[in-house]
Amino acid sequence: MAQIQVQRQQAAATGAAAPPPPQSMPTQNGMAGGVATGPIPLGSTSLYVGDLDLNVSEAQLADLFGQVGQLVSIRVCRDQTTRRSLGYAYINFTNGQEAARALELLNFTPLNNSPIRIMYSHRDPSLRKSGAGNIYIKNLDKAIDHKALHDTFSAFGNILSCKVATDASGQSKGYGFVQFDTEEAAKNAIDKLNGMLINDKQVYVGPFLRKQERDSSTSNTRFNNVFVKNLSESTADEDLKNVFGEYGSITSAVVMRDGDGKSRCFGFVNFENADDAAKAVEALNGKKFDDKEWFVAKAQKKSEREQELKGRFEQKYQGLNLYIKNLDDTISDEMLKEMFSEFGTVTSCKVVRDPSGVSKGSGFVAFATPEEASRAINEMNGKMIVSKPLYVAHAQRKEERRARLQVQ
């Protein structure tokens, strides 16, 4: 087990005796037991069940959870229009002891061959949104799943949520998240496990940063490597060294070339000192050499460039793009455009379809100005089109939709 391996390494480092492996709770009807996660939140009778196979029904959940205690209600959350499962559910028990027992016994139990993930349902989203007690783990061995991660970190405190990120085929992406109920437990886990070996891989364990914080930290990061483009074809490595060398000591300067040795008109310069790199960017960006205006900036990874471009795109089109659902199956792209053209200039219009070409009952319409888009929402939302009331709203990013659904 990953946890035992890590704890033995810790014991070797401190000279203490290795603690015994965590004890699983007793099993019932052959179901795998989970690891006790600490004190039970007082009065918690509601559970959140995630990572559900999309075909799991309320009846299946009732059969599974009904073995543990008396159920008050079960609800698989579904899309309002298509009624397809959203992959999670809420289950309410008559008392907190039965809810706690269900969490302990049934967490990570396979249902339709997909292990379910259970945690207490917190109606107040403030704790979840605050990020308190939330940690990020990366460089995980691909064999570590939700349960192994849970078992490893449960020794440090009461876990509210635990998840390994997976791709569409269910394979681990090599990183995951754990949220404890206290900041102290999270700090303790970080102190003890950061840099340790789990399944022979050194893991990074640190505080989880929300997207805004990651973006902010990225933008304020010091850098040594500088990217320069729009170079003249005659510009050589030595020219870059001479120009950039005025701002500090350089370890390398290179003009990128194709297979035939022809300049690709961009290059990279690496400084010994980050302050010198920043000074060079400030002084040389936009400056002309050989009638060419140089673009000089921090050299970015591909992922950073894509994130920046995505942010610019979303900012540019904010308020212009509308999401429409509850469309009749007979509505085509042309018909949708005609319906919305009376409110302004439609720059793009599309009905979403499955691979076989059948309408999914939703689509997108983009306008030239935010005012036109707002006018279309006011006039078209709720309007009956071919016996169906349209739903029209500003298009949201995936993260925004997920947050809204969680709040609901």
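**Ground rules**

I am working with a predicted model, where local features need pLDDT of at least 70, side-chain atom pairs count only at pLDDT 80 or more, and totals for chains, interfaces and linings use all residues. Residues are numbered from 1 along each chain as its sequence is written, and side-chain values use heavy atoms, with hydrogens and water left out.

**Entry 1**

I started with the strands, which like the helices are DSSP runs numbered from the N terminus (helices are H or I, at least four residues; strands are E, at least two). I counted two strands as paired if DSSP finds at least two bridges between them.

In what order do the strands of this open sheet come? I read β2-β3-β1-β6, 4 strands with antiparallel pairing. At the edges I found β2 (71–78) and β6 (117–120); each has a single partner strand, so one side of each is left without a neighbour in the sheet. On average, neighbouring strands here are turned by 20° against each other, direction ignored. For such angles, axes are lines fitted to C-alpha atoms (for helices over the stretch in contact), and the values run from 0 to 180 degrees between N-to-C directions.

Next I looked at one pairing up close. Strand β1 (residues 46–50) runs antiparallel to β6, and 4 bridges join the two. I picked out L47, whose bridge partner in β6 is Y120.

Helix α2 (residues 58–65) touches β1, β2, β3 (85–93) and β6, and its direction makes about 140° with that of β2. Helix α3 (residues 96–106) also packs on the sheet; I noted that it touches β1, β3 and β6, with its direction at about 150° to that of β6.

**Entry 2: the sheet with β13**

Further along I found an open sheet of 4 strands, in the order β14-β15-β13-β18 with antiparallel pairing. Which strands stand at its edges? They are β14 (250–257) and β18 (295–298), each pairing on one side only.

I looked at β13 and β18, which run antiparallel and are joined by 4 bridges. V226 has K298 as its bridge partner in β18.

Helix α8 (residues 237–244) packs on this sheet, where I see contacts with β13, β14, β15 (263–271) and β18; the helix direction makes about 140° with that of β14. I also followed α9, which lies across β13, β15 and β18 and runs at about 155° to β18.

**Entry 3: salt bridges**

My cut-off: a side-chain nitrogen of Lys or Arg within 4 Å of a carboxyl oxygen of Asp or Glu. How many salt bridges does the structure hold? The total is 6, and I looked up a few.

K163 and D51 meet through their side chains at 2.8 Å, N to O. K163 is in strand β8 (residues 159–166) and D51 in the loop between β1 and α2, so I noted a link between distant parts of the chain, 112 residues apart. D51, R117 and K163 are linked in a network of salt bridges.

For exposure I used relative accessible area: buried means under 20%, exposed over 50%, partly exposed in between (1.4 Å probe, protein chains only). K163 is partly exposed at 27%.

R78 and E58 form another salt bridge, with their closest N and O atoms 3.4 Å apart. This pair links strand β2, which holds R78, to helix α2, which holds E58, across 20 residues. I have both as partly exposed, R78 at 25% and E58 at 27%.

D275 and R222 also form one, the closest N and O atoms being 3.0 Å apart. D275 lies in helix α9 (residues 274–284) and R222 in the loop between α7 (211–219) and β13 (225–229), so the pair ties together parts 53 residues apart in sequence. D275 is partly exposed at 43%, whereas R222 is exposed at 56%.

**Entry 4: two loop residues**

I checked phi for N199, which is near 55°, a positive value in a residue other than glycine. N199 sits in the loop between β10 (197–198) and β11 (201–202). Its 28% relative accessibility makes N199 partly exposed.

D290 has a phi near 55° as well, again positive and not in a glycine. I placed D290 in the loop between β16 (288–289) and β17 (292–293). Is D290 buried or exposed? I have D290 as exposed, at 54%.

Methods:
Contact means heavy atoms within 4.5 Å.
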